[in-house]
Amino acid sequence: MGMKSDIKLIDKKGLRLDGRKPDELRPIKIEAGVLKRADGSAYLEWGKNKVLAAVYGPREAHPRHLQDSSKAIVQCRYNMAPFSVSDRKRPGPDRRSVEISKIISEALENVVMTELFPRSSIDVFIEVLEANAGTRCAGLTAASVALADAGVPMRDLVVACAAGKIEDTVVLDLGKEEDNFGQADVPLAIVPRTGELVLLQMDGDLKQEELFKAMEMAMNASMQIYEIQKDALRRRYAVVAEEEKDEIDSAQEEAKT
Amino acid sequence: MNEEKPSVKRELVLPGEVVDTTGLRPGVGTYAENGTIYAAQLGIKNISKNYVNVFPLNGRYIPRYGDKVIGIITEAGASSWLVDINSPYPAPLHVNDVPWKVEFGNTPAYLKVGDTVLVKIDGVDEAKHVRVSMKEQGLRKLSGGNIIEIPASKVPRVIGKGGSMINLLKEHTGCRVFVGQNGRIWIDGDVDGIALAIRAIKKIDEEAQTIGLTDKIREFLEKESENIRRN
């Protein structure tokens, strides 16, 4: 934000640097269940962003003092690979990734039915392989698909999307240059079923009406992303849907030695 | 949803999707809000009696009272053992709950760290403190044999309807097989039999999502046991 530059972010036709209209998303692709050892996982490509999310648990929470006797805790680690940005990113947690980890775990805690698994921990790992603005939204979107893939009980998926302001115009889903040289960036996450907001941040300055417009844009786009998430999960379990599952009724049935 | 009462065709549902609005009761894997029932888990929708259920396709084993599970001893204390039952919660096994008379501090003489046991979930409280017991017919220390793990949600597939799959396995491999509800399977028999049983179970695990699984496995077992006999 705030950096001055003479790049024209919007051309005379009203199109952006990558040819998108102001209310257009970058292409999104999600694949569920990509990791074998994780309980659940998802790989997501959002424009030039590439993000991998893995979920483990519910499992025993360590260290013990983190355990909550009434509910599970959701622990998240957002991490950027050293090669994810053009200048090498110094590995390890920094101010930014600690913050993002915190807000993502808090957003997810809102939908996961933590009360079912007291004293346990649900661990979410988000690895950013390639970054091009909007990785926190990409990470959160992937993490919620991974959680569903892991069979974790949750009230709904979480969808995240950003909107912002460039050249005094409110636009959806900022790209790298727009993020760097634009005026504001507003990432948000919602629970699509209820429209509840579970994450809202703002970098830069917006007028009240601009903020509302940005939020509305991002929320509408979230519904599109929600469909992509559901589609990814359906594709992963497609075979199951057609199958006759008689055996599941005998879940209580027991083998005799 | 466009489905009527007894659901014969199984339908995949995702968390947050509406599973019923017709006034059925929320069963497992669902939650109700303002009279509408939603899926709480990714799974297969099922309607039985007045309940809508969502049977999970994935997920960890959560202990339930009465389940028979295969545990591994992880710690031997003075008057109890700690058993790993493949769930988020380790389960203590008290010396009063074993069929032997154990003197105080003498626990390792009966069960050592690493031993496997067949135990019953004897109690789960609201904070998910689990207790296990060995005081019932058939519960014992498992010696010999092999143990393999599959996701707990696929246990019903290995057992099959009315035990059809498990009987098939026993018949063709000549092994003794026990399937714990926590997804651990104990197999004992001759080397070839065990190897075949493990391959068959791996196949069930991988192809748990295909149609006519029991027939497929029967075919596989018949072909393979024929091969073994010939060699």
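Modeller: Let us begin with a term. Two residues are in contact if their C-beta atoms, placed from the backbone, lie within 7 Å. In this predicted model, the buried residues of α3(B) pack, in that sense, against β14 (146–149), α1, α2, β15 (176–179), β16 (184–188) and α4 of chain B.

Biologist: Which residues of α3(B) are buried?

Modeller: A residue counts as buried if 20 or more other C-beta atoms lie within 10 Å of its own, and as exposed if there are 12 or fewer. In α3(B) the buried residues are Gly193(B), Leu196(B), Ala197(B), Ala200(B), Ile201(B) and Ile204(B). Because they cover an arc of only 135° around the axis, they lie on the same side of α3(B). The face turned away from that buried side carries Val191(B), Lys202(B) and Glu206(B), which are exposed.

Biologist: What length does α3(B) reach, and what is expected?

Modeller: The expectation rests on 1.5 Å a residue. Helix α3(B) has 16 residues and reaches 23 Å from its first C-alpha to its last, close to the expected 22 Å.

Biologist: How does the span of α4(B) agree with the same rule?

Modeller: Helix α4(B), residues 213–230, has 18 residues, so at 1.5 Å a residue it should span 26 Å; its end C-alpha atoms are 26 Å apart, which agrees. Three of its residues, Leu213(B), Ile217(B) and Leu221(B), are buried. Their arc around the axis is only 60°, which puts them on the same side of α4(B).

Biologist: Which exposed residues does the face turned away from the buried side of α4(B) carry, and what covers the buried ones?

Modeller: On the face turned away, the exposed residues are Asp215(B), Glu219(B), Glu222(B), Lys223(B), Glu226(B), Asn227(B), Arg229(B) and Arg230(B). The cover over the buried residues of α4(B) includes α1 (155–159), α2 (164–173) and α3 (191–206) of chain B.

Biologist: How may I place these helices within chain B as a whole?

Modeller: Counts and proportions give the overall view. Chain B has 4 helices and 16 strands, and 42% of its 231 residues count as buried. Its C-alpha atoms fill a box of roughly 60 × 55 × 25 Å along the principal axes. Of the contacts in chain B with a separation of 6 or more, 57% are between residues 24 or more positions apart.

Biologist: Let us turn to chain A. At what angle do the axes of α2(A) and α4(A) cross?

Modeller: A helix pair can be described by the distance of its axes, their angle and the residues that meet. The axes of α2(A), residues 135–149, and α4(A), residues 208–236, come within 10 Å and cross at roughly 35°. The crossing is right-handed. From α2(A), Thr141(A), Ser144(A), Val145(A), Ala148(A) and Asp149(A) make the contact, and from α4(A), Ile225(A), Gln229(A), Ala232(A), Leu233(A) and Arg236(A). By type, the residues of this contact divide into 5 nonpolar, 3 polar and 2 charged.

Biologist: How many residues of α2(A) are buried?

Modeller: Helix α2(A) is mostly covered, with 15 of its 15 residues buried. Gly151(A), which follows α2(A), has a positive phi near 75°.

Biologist: With which residues is Ala32(A) in contact, leaving aside its neighbours within four places in sequence?

Modeller: Ala32(A) lies in strand β1 (residues 28–32) of chain A. Its contacts, apart from those neighbours, are Ala42(A), Val145(A), Asp149(A), Ala232(A), Leu233(A) and Arg236(A). Ala32(A) and Asp149(A) are 117 residues apart in sequence, yet 6.7 Å apart in space, C-alpha to C-alpha. Ala32(A) counts as buried because it has 25 C-beta neighbours inside 10 Å.

Biologist: Which residues are joined by a cis peptide bond with omega of about 5°?

Modeller: Omega describes the peptide bond itself. That bond joins Gly57(A) and Pro58(A), and Pro58(A) is in strand β3 (residues 49–60) of chain A. The bond from His62(A) to Pro63(A) is also cis, with omega near -10°; Pro63(A) lies in the loop between β3 and β4 (73–80) of chain A.

Biologist: Is Asn34(B), with its positive phi, buried or exposed?

Modeller: Asn34(B) counts as exposed because it has 4 C-beta neighbours inside 10 Å. Its phi is near 50°, and it is found in the loop between β4 (30–33) and β5 (36–39) of chain B.

Terms used: Residues numbered from 1 in each chain as written. Chains lettered and ligands numbered in written order. Predicted model: local features only at pLDDT ≥ 70, side-chain atom pairs only at ≥ 80, totals over all residues. Helix = DSSP H or I, 4+ residues; strand = E, 2+ residues; numbered from the N terminus. Expected span 1.5 Å × (residues − 1). Arc of directions from axis to C-beta. Axes fitted to C-alpha atoms, helices over the stretch in contact; angles between N-to-C directions. Left-handed = near helix turned anticlockwise from the far one by under 90°. Nonpolar A, V, L, I, M, F, W, Y, C, P; charged D, E, K, R; others polar.
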